[in-house]
Amino acid sequence: MRQPSGGDQLAVAADVLGHLANPTRLHLLRLLAEGEQDVNTLTAQVDASRSSVSQHLGRLRMVGLVQTHRDGRRIVYRIASDHLDRLVEEAYAFAEHLVHDIPHHGSPPGHD
């Protein structure tokens with residue numbers, strides 16, 4: 001059995017999961033996993049105001065989950081890591097199993 005990670009790593013992991021525990025932020029990250037987008041493009045795809053989307057993106061940027069760059073007058077957002085991309089997709093896949101009562105794929109290795 002693997003030993004638990006150090007306290008700092010556990011705290012950071014819990015913090016990341018805490019930031020993902022908001023439906024709007026999770027949706028924004030899933031959209032950004034598809035590619036870079038600006039606030040207006042993202043707002044058109046989520047059930048939130050432009051102001052709310054901007055606030056969520058700002059929070060995600062402050063904790064390092066998204067990055068930005070300027071494209072002319074626009075600020076473009078992108079997901080910060082392929083690890084985060086996979087984490088978001090796994091959360092969606094897990095939720096799909098729960099929502100649609102789909103059997104899970106079995107126990108993780110070593111849990112038989």
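## A walk from the pocket to the salt bridges

Start at the largest pocket, where α1 (7-20) and α5 each supply at least two residues of the lining. Helices are DSSP runs of H or I with at least four residues, strands are E runs of at least two, and both are numbered from the N terminus. This is a predicted model, in which local features need pLDDT of at least 70 and side-chain atom pairs count only at pLDDT 80 or more, while totals for chains, interfaces and linings use all residues. Residues are numbered from 1 along each chain as its sequence is written, and side-chain values use heavy atoms, with hydrogens and water left out.

**Stop 1: the pocket**

Select Ala-13, Val-16, Leu-17, Gly-64, Leu-65, Ala-80, Ser-81, His-83, Leu-84 and Leu-87, which line the largest pocket. Its volume is about 160 Å³. Rolling a probe the size of a water molecule over the atoms shows where empty space is left. Here a pocket is an open set of points on a 1 Å grid over the protein atoms alone, where a 1.4 Å probe fits, with protein on both sides within 12 Å along at least five of seven lines; a lining residue has an atom within 4 Å of a point. Points are joined across faces, edges and corners, and the volume is the space filled by probe spheres set on them.

**Stop 2: the whole chain**

Now zoom out and colour by secondary structure. The protein chain has 5 helices and 3 strands, in the order α-α-β-α-α-β-β-α along the sequence. Of its 112 residues, 26% count as buried, meaning under 20% relative accessible area; exposed means over 50%, and partly exposed lies in between (1.4 Å probe, protein chains only). The chain exposes about 7900 Å², with carbon and sulfur atoms supplying 52% of it; the areas come from the Shrake-Rupley method with a 1.4 Å probe.

**Stop 3: helix α4**

Select residues 50-62. Helix α4 has 13 residues and reaches 18 Å from its first C-alpha to its last, close to the expected 18 Å, which is 1.5 Å times one less than the number of residues. Which residues of α4 are buried? They are Val-53, His-56, Leu-57, Gly-58 and Leu-60. Show their surroundings: these buried residues pack against α2, α3 (39-43), β2 (66-71) and β3, a contact being heavy atoms within 4.5 Å.

**Stop 4: the salt bridges**

How many salt bridges does a search of the whole structure find? It finds 5, each a side-chain nitrogen of Lys or Arg within 4 Å of a carboxyl oxygen of Asp or Glu.

- Select Arg-78 and Glu-36, whose side chains meet at 3.5 Å, N to O. Arg-78 lies in strand β3 (residues 74-79) and Glu-36 in the loop between α2 (23-33) and β1 (37-38), so the pair ties together parts 42 residues apart in sequence. Arg-78 is partly exposed at 27%, and Glu-36 is partly exposed at 44%.
- Next, pick Asp-71 and Arg-74, with the closest N and O atoms 2.7 Å apart.
- Finish in helix α5 (residues 82-99), where the side chains of Arg-86 and Asp-82 meet at 3.3 Å, N to O. Arg-86 and Asp-82 are 4 residues apart, which means about one helical turn separates them.
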